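Dear colleague,

Please read the notes with the coordinates open beside them.

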Amino acid sequence: MENRSFYNEILTEHNIHPEFKHDLPDADIVLEGVNPSCGDDIFLKLKLDGDVIADGAFVGDGCAISQASADIMLGMIIGRKKEEALHMGEVFLKMIKGEATEDEIESLEEASALRDIAHMPARVKCAVLGWRTLKEALGNKEEA
């Protein structure tokens with residue numbers, strides 16, 4: 001029960017005080033991600049330095065889960081190579097599908113707070129919106 005409370009605190013903090021929810025006017029990549037089933041809508045903005053994600057932000061509206069998940073994701077991928085970010089996205093999707101190992105889940109750090117979403121099918125698309133948009137933005141369109 002303590003873990004669920006801790007996870008709720010993480011999601012609440014990222015939703016109320018998102019670090020990466022702002023405009024990024026000099027972004028190299030801007031891609032809209034939409035969840036038509038509930039109306040979540042984000043614009044993911046990435047600034048690249050070669051193969052490294054140098055900066056990132058998002059703007060848009062949606063439920064607490066979609067907004068917190070996008071904020072957490074950006075905190076994890078900024079400063080990393082595109083391949084690393086895509087790998088994190090694959091692990092995140094495995095976690096949401098209930099297929100990730102405990103070690104893989106731990107590697108997701110704060111994003112592991114969303115692990116229980118797998119038990120709430122209506123919220124899965126909310127949690128993965130930012131990650132799927134990232135995957136599309138970086139040109140890796142194969143389904144995980």
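A search of the whole structure, which is a predicted model, finds one aromatic pair. The ring centres of Phe92 and Trp131 lie 4.7 Å apart and their planes stand at 15°, which falls under the 30 degrees that count as stacked, so the pair is stacked. Since Phe92 belongs to helix α3 (residues 82-96) and Trp131 to helix α5 (residues 121-137), the pair ties together parts that are 39 residues apart in sequence. Both Phe92 and Trp131 are buried.

As general background, nonpolar side chains in soluble globular proteins tend to be buried together. If neighbours within four places in sequence are left aside, Leu46 is in contact with a set of residues that includes Leu24, Ile29, Ile53, Leu74, Ile77, Leu134 and Leu138, and also Asp28 and Asp55.

Turning to the strands, three of them form an open sheet in the order β1-β2-β3, with antiparallel pairing, and the edge strands β1 and β3 each pair on one side only. Neighbouring strands of this sheet are turned against each other by 20° on average, with direction ignored. Between β2 and β3, which run antiparallel, there are nine bridges, and Lys45 stands opposite Ala57 in β3.

As for the helices, α2 and α5 pack at an angle of about 35° with their axes 8 Å apart, and their crossing is right-handed. On the α2 side the contact is made by Ile65, Ser66, Ser69, Met73, Met76 and Ile77, and on the α5 side by Arg123, Cys126, Ala127, Gly130, Trp131 and Leu134.

One last residue may be worth a look while the model is open. Glu13, which has its place in helix α1, is partly exposed, with a relative accessible area of 44%. Glu13 and Pro36 are 23 residues apart in sequence, and their C-alpha atoms are 25 Å apart in space.

Key: Residues numbered from 1 in each chain as written. Predicted model: local features only at pLDDT ≥ 70, side-chain atom pairs only at ≥ 80, totals over all residues. Heavy atoms only, no water. Phe/Tyr/Trp six-rings, centres within 6.5 Å; stacked < 30°, edge-to-face > 60°. Helix = DSSP H or I, 4+ residues; strand = E, 2+ residues; numbered from the N terminus. Buried < 20%, exposed > 50% of the residue type's maximum accessible area, 1.4 Å probe, protein only. Contact = heavy atoms within 4.5 Å. Pairing = 2+ DSSP bridges. Axes fitted to C-alpha atoms, helices over the stretch in contact; angles between N-to-C directions. Left-handed = near helix turned anticlockwise from the far one by under 90°.
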